[in-house]
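Trainee: I would like to learn how to read the charged contacts in a model such as this one. Could you take me through them step by step?

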Amino acid sequence: MSLPIGLAPFANQSRTAHAGVLVGGALACLIGYVGAAALLFEIGALDHGAPDGPRRVASAVASLACWGFYAAGFVRGRGGPVADAFVYPVGTVAVVPTAFRWVTFGPAWVAFRDRIALFLFRPGLFVDAAALILPGVAFAVGLLALWASRLDETEIEAWQREHLSTAFRREFIDE
């Protein structure tokens with residue numbers, strides 16, 4: 001079973017470089033999350049029993065840092081074209097803040113069980129998800145639109161030839 005073409009990495013990059021993108025995205029998310037909490041509140045604001053507002057603000061900053069990092073990786077042709085645009089940032093913002101809280105403050109098994117048991121009936125869960133995803137998506141789309149607007153057609157084609165595999169271009173770009 002092979003990797004779906006949409007999740008294939010950019011062309012001409014090593015596995016180490018690809019792994020570096022994942023590590024860098026996780027670090028950007030963690031620095032944004034912890035840095036925002038430390039700068040605006042205190043680290044204790046991220047504790048499981050603390051109010052939701054400071055955690056959501058820190059989550060929004062983490063989202064901006066994470067999606068911004070992956071957008072820069074996309075521009076540089078590191079990571080993967082679909083992975084950098086959606087898969088890696090969503091996975092990163094879903095795992096890194098929770099992992100930090102669990103490592104720092106211990107696991108919150110009751111909260112975890114409540115979220116699973118009442119998934120469809122907890123609007124706070126959807127607000128948390130929106131704080132983790134929407135700011136970053138808007139930021140990444142803006143960055144990529146700005147970058148693409150500065151390129152002419154020949155530069156775009158040259159970027160595609162350099163960074164996208166032939167199979168990916170054939171499947172998603174060429175008509």
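Mentor: Let us begin with a term for accessibility: a residue is called buried under 20% relative accessible area, exposed over 50%, and partly exposed in between, using a 1.4 Å probe and protein chains only. This is a predicted model, in which local features need pLDDT of at least 70 and side-chain atom pairs count only at pLDDT 80 or more, while totals for chains, interfaces and linings use all residues. Residues are numbered from 1 along each chain as its sequence is written, and side-chain values use heavy atoms, with hydrogens and water left out.

Trainee: How many salt bridges does the structure hold?

Mentor: Side chains of opposite charge can pair when their charged atoms come close. A salt bridge is a side-chain nitrogen of Lys or Arg within 4 Å of a carboxyl oxygen of Asp or Glu, and the structure holds 2 of them. In one, Asp 52 meets Arg 55 at 2.9 Å, N to O; in the other, the closest N and O atoms of Arg 56 and Asp 52 are 3.6 Å apart. Through shared partners, Asp 52, Arg 55 and Arg 56 are joined into one network.

Trainee: Is Arg 55 buried or exposed?

Mentor: Arg 55 counts as buried, at 8% relative accessibility, whereas Asp 52 is partly exposed at 35% and Arg 56 is partly exposed at 21%.
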